[in-house]
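Please examine the structure below before reading on.

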Amino acid sequence: FVLRGARHPRLRRSRASGPRRSGEETPVRFHSASRVAPVVDERIVAPASQFRGSTSSKARWDASMRCMACHSSIWSQEEERASDEAPSKRVGHVDEGEGDAWPRTLAEAMRLDASWKEKKDVEGSEAGGGILEACLARLLEVSEEESEEKRKVLNDVFQRASEEAQLNFPICIACANEKELELDRSIVDAELEAEMYRASIRLLDQERPNNEEKPTEELEEELRRSIVKEEQHQNELKRVEDEIDEVNAHLKDLNAQVQDTERAEESYWREFNSYKMQLHFHLEDKDALMHRLEIASAQLKLLQRSNVYNDVFYIWYEGPFGTINGCRMGSMPNDRVEWEEINAGWGQCVFLLHIMARTCQLGFSRHKLLPMGSFPRINDGKVTYELFGPVSLLNPFGGASKYDKGAAAFLSCLQEFADFAFAKDKAADQDVPFRLPFPIEGERIGGRSIRYSFNREEKWTAALKLLLANLKVSLAWFIKNFGEVDPVGDNLLRS
């Protein structure tokens, strides 16, 4: 139901706020769906303007009676409105003299209001109505002694209103007006929608050419066909569900296989990384070993290019002198060389030629070399010639003669070695067989005599230099063909 603003001549409220338009009715909707009853606090006893009790009780009442929507004070609005309205405008049909005959409960007020409404409908007059509103206002005029009973009545009113309406009570006039406008708009929209539905139904009825119902047999046949189709659809649905179950089971197996594959892949990559790391370490070790091997190979090649004979018998020159292991052979007028140095050089020459012939297993036909350090000798089977000095030129047929014959015998042995090398290269089909750079003819080498007596020192020194050159070339051929040191030659070198 709609509760209009209660107005009664006995309700005298003071002005609490600004002026309000007189004569304005405030419709209030009650939302029955919410089922939320306002709680009437124990502090609520009566309106502030009509309460005949203490000031603190009035203040508690005014603070508690607030709108459930905007939380503003309801009694302040009512007092303002009541003060603006003239007594003649207020709704009511019971004067103040009848105040003692008013109903004391909500049920009595509702019965009295209904009887007055019936009277209004029968007589067709403007009198009557508004009894319920006036009674509610009268019920709020309480004293401090009647507060408990009136509070229960007020609580009952708000609870019934909340159950019947679609709104929570209490509510102020402004919020009630707003709700009324909203409901009016909803009603208009609903009526328009209903009219559209009715128009659609009429249009469908016009488009249907024949409204005759089908025969029962056809309906039964359609029903049977529908049942058959339903069974088919049910079977198809069951088949699809079975297929879905199979697919889900297969998917579950595939997921399990995927998990196994992922675990296997993870294990594989873990092992792969481990092997990769080990391979990296092995490659590092290999690189280190290869580096060491390269160094060792380089040293080996260096050693292979070098030869012990070149180191033990180092033949070179120094100005006009030929040298072997630093010992000069020969003498010059302006640069005298001691015989001890010359004897040591002859000893190295005899020792080198002896080792090369021994290694090549070459035996000289007429002479035998006797390397004896700085006192070398050569034997021809009868006489032993000395290849060391000093040699006295005062007795050319004595010591000088033996020395000269020994030097000539050494040239003869060197020539036999050169012939042996030539024959060996010929046998090996060498393009350029071995030959001495300075030919030997008797006691001459390269056209210079090797004799000491009856010879100039410059020519004798030059002949010894050419002798060392031929000996160096012979040593190079020997190293090329017989590079390894034989045990006998090694023992000789060590000795």
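Arg239 and Glu236 lie three residues apart in helix α7 (residues 216-305), so about one helical turn separates them. Here a helix is a DSSP run of H or I with at least four residues, a strand is a run of E with at least two, and both are numbered from the N terminus. Arg239 and Glu236 form a salt bridge, with their closest N and O atoms 2.1 Å apart. The term salt bridge denotes a side-chain nitrogen of Lys or Arg within 4 Å of a carboxyl oxygen of Asp or Glu. Arg239 is partly exposed at 39% relative accessibility, and Glu236 is partly exposed at 37%. These classes rest on relative accessible area: buried is under 20%, exposed is over 50%, and partly exposed lies in between (1.4 Å probe, protein chains only).

The model is predicted; local features need pLDDT of at least 70, side-chain atom pairs count only at pLDDT 80 or more, and totals for chains, interfaces and linings use all residues. Residues are numbered from 1 along each chain as its sequence is written, and side-chain values use heavy atoms, with hydrogens and water left out.

Which parts of the chain does the pair of Arg336 and Glu457 tie together? Arg336 forms a salt bridge with Glu457, the closest N and O atoms being 2.3 Å apart. Arg336 belongs to the loop between β3 (327-329) and α9 (339-359), whereas Glu457 belongs to helix α11 (residues 457-481), so the pair ties together parts 121 residues apart in sequence. Arg336 is exposed, at 53% relative accessible area.

A further salt bridge joins Asp404 to Arg451, with the closest N and O atoms 3.6 Å apart. This pair links distant parts of the chain, 47 residues apart: Asp404 is in helix α10 (residues 399-427) and Arg451 in the loop between β9 (448-449) and α11. Asp404 is buried, with a relative accessible area of 1%, while Arg451 is partly exposed at 24%.

| Salt bridge | Closest N and O atoms |
|---|---|
| Arg239 and Glu236 | 2.1 Å |
| Arg336 and Glu457 | 2.3 Å |
| Asp404 and Arg451 | 3.6 Å |

A search of the whole structure finds 14 salt bridges. Salt bridges also link Glu195, Arg198 and Arg202 in a network.

How many disulfides does the structure hold? The number is zero, where a disulfide is a pair of cysteine sulfur atoms within 2.5 Å. The sulfur of Cys327 has its closest cysteine sulfur in Cys349, at 9.4 Å, which is too far for a bond. Cys327 is buried, with a relative accessible area of 16%. Cys175 is also buried, at 11% relative accessibility.
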